[in-house]
Amino acid sequence: MKILIVDDSKAMRMLVRRALREAGYGDHDYAEAQNGKEALEILKAGGVDLALLDWNMPEMTGIEVLAKVKELGLRTKCAMITTEASPDMQTRAHAEGALFVVGKPFSPEIIERELRRVFG
Amino acid sequence: MIGNEEVERLMQDIWSTILSDESLMPIAPTPELLAHGRALLACVSITGTTNATVQVACSMGVAGRVAQSMFQLDAGEVTDAEIRDALGEIANMTAGNIKAVVPGPSQLGLPVVCEGNDVVARVSSSHVAVEVALTWQADPIVVKLLVADEPPRPPSRVAPLSSPWSRR
């Protein structure tokens, strides 16, 4: 499985990657993008199974990426790891196709639980 | 709105989840906490129904140790950009969780981090709604929530001016 981690913070990209490793997803292939625009280019090129998106980023937000993925009919599964995890924002993200929304700060256990729910 | 104790708990939650550290403890905020040496100040704005700014300030030493922990690097290995990024993300998580409990809808801005001596960011027409100080490894961290003052409301009706002249 190829996982794309999208966050404008390098520290957060590292924390997400570490959480994935601790959740038992350390053997997969990873790519990183620091904003939505960069992420969309990688997604358009294909081959990404899961994109983990931050919400607030320069250039293009995570929710805009979700909308574009839906509009372009891309098959990548998308989820959000964001501080924007209030019920209203979760509803918005789910409506745009996010499989799950994990709030920051997060523990590896939460990431693992959500990934198991999606991928079994 | 949100209170001091909730912000203290939020910071402790961030520290324990992100840095795996349970030693962040509240202390009394005093003006001279960050008055000596170089400090970093990370700000994130909340705009919309609630207009506010969240500030997280600490010494360069504390910010460096936060970055070391987040990047899992040794002292001297983290760059200035990584230190600013780490503190900006702490402020982002703080602001995001505050935004979730204040009246909305509102939008979150991107973190802005500045560095200097006696660094203070004043936001015009705002008041400090929350100010907490915490200590981590014997050094202080100060968190403030500055909320925009309500704009003055126009009078609902104009009261007639009483005339100094009286009619007979």
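In which helix of chain B is B:Ile98 found? Select B:Ile98 and you will see that this residue is found in helix H3 (residues 80-99) of chain B, where a helix is a DSSP run of H or I with at least four residues, a strand is a run of E with at least two, and both are numbered from the N terminus.

Before going on, note that this is a predicted model, in which local features need pLDDT of at least 70 and side-chain atom pairs count only at pLDDT 80 or more, while totals for chains, interfaces and linings use all residues. Residues are numbered from 1 along each chain as its sequence is written, and chains are lettered from A and ligands numbered from 1 in the order in which they are written.

**Around B:Ile98**

Stay on B:Ile98, which counts as buried because 25 C-beta neighbours lie inside 10 Å; the cut-offs are 20 or more other C-beta atoms within 10 Å for buried, 12 or fewer for exposed, and in between for partly exposed, with C-beta atoms placed from the backbone. Leaving aside neighbours within four places in sequence, B:Ile98 is in contact with B:Ile2, B:Val54 and B:Leu145, contact being defined as C-beta atoms, placed from the backbone, that lie within 7 Å.

**Chain B as a whole**

Show chain B in cartoon form, and its secondary structure comes to 3 helices and 7 strands, which follow the pattern α-β-β-β-α-α-β-β-β-β along the sequence. Of the 168 residues in chain B, 38% are buried.

Next, select B:Val147, which is found in strand S7 (residues 139-148) of chain B and counts as partly exposed because it has 19 C-beta neighbours inside 10 Å. Apart from neighbours within four places in sequence, B:Val147 is in contact with B:Ala52, B:Ser126, B:His127 and B:Ala129.

**Where the chains meet**

Show both chains together: 17 residues of chain A are in contact with 20 residues of chain B. On the side of chain A that touches chain B, the largest share, 5 residues, comes from helix H1 (residues 10-25) of chain A.

Select H1(A) together with helix H2 (residues 60-71) of chain B, whose axes come within 9 Å and cross at roughly 35 degrees; such axes are lines fitted to C-alpha atoms, for helices over the stretch in contact, and the angles run from 0 to 180 degrees between N-to-C directions. Here A:Ala11, A:Met14 and A:Leu15 in H1(A) meet B:Ala67, B:Met70 and B:Phe71 in H2(B). This contact has 6 nonpolar, no polar and no charged residues, where Ala, Val, Leu, Ile, Met, Phe, Trp, Tyr, Cys and Pro count as nonpolar, Asp, Glu, Lys and Arg as charged, and the others, Gly among them, as polar.

**A helix pair in chain A**

Finally, select helix H2 (residues 36-45) and helix H3 (residues 62-72) of chain A, which pack at an angle of about 25 degrees with their axes 9 Å apart. H2(A) and H3(A) are therefore roughly parallel to each other, since angles under 35 degrees count as roughly parallel, over 145 as roughly antiparallel, 65 to 115 as roughly perpendicular and the rest as oblique. The contact is made by A:Gly36, A:Ala39, A:Leu40 and A:Leu43 of H2(A) and by A:Gly62, A:Glu64, A:Val65, A:Lys68 and A:Val69 of H3(A).

Key:
Contact = placed C-beta atoms within 7 Å.
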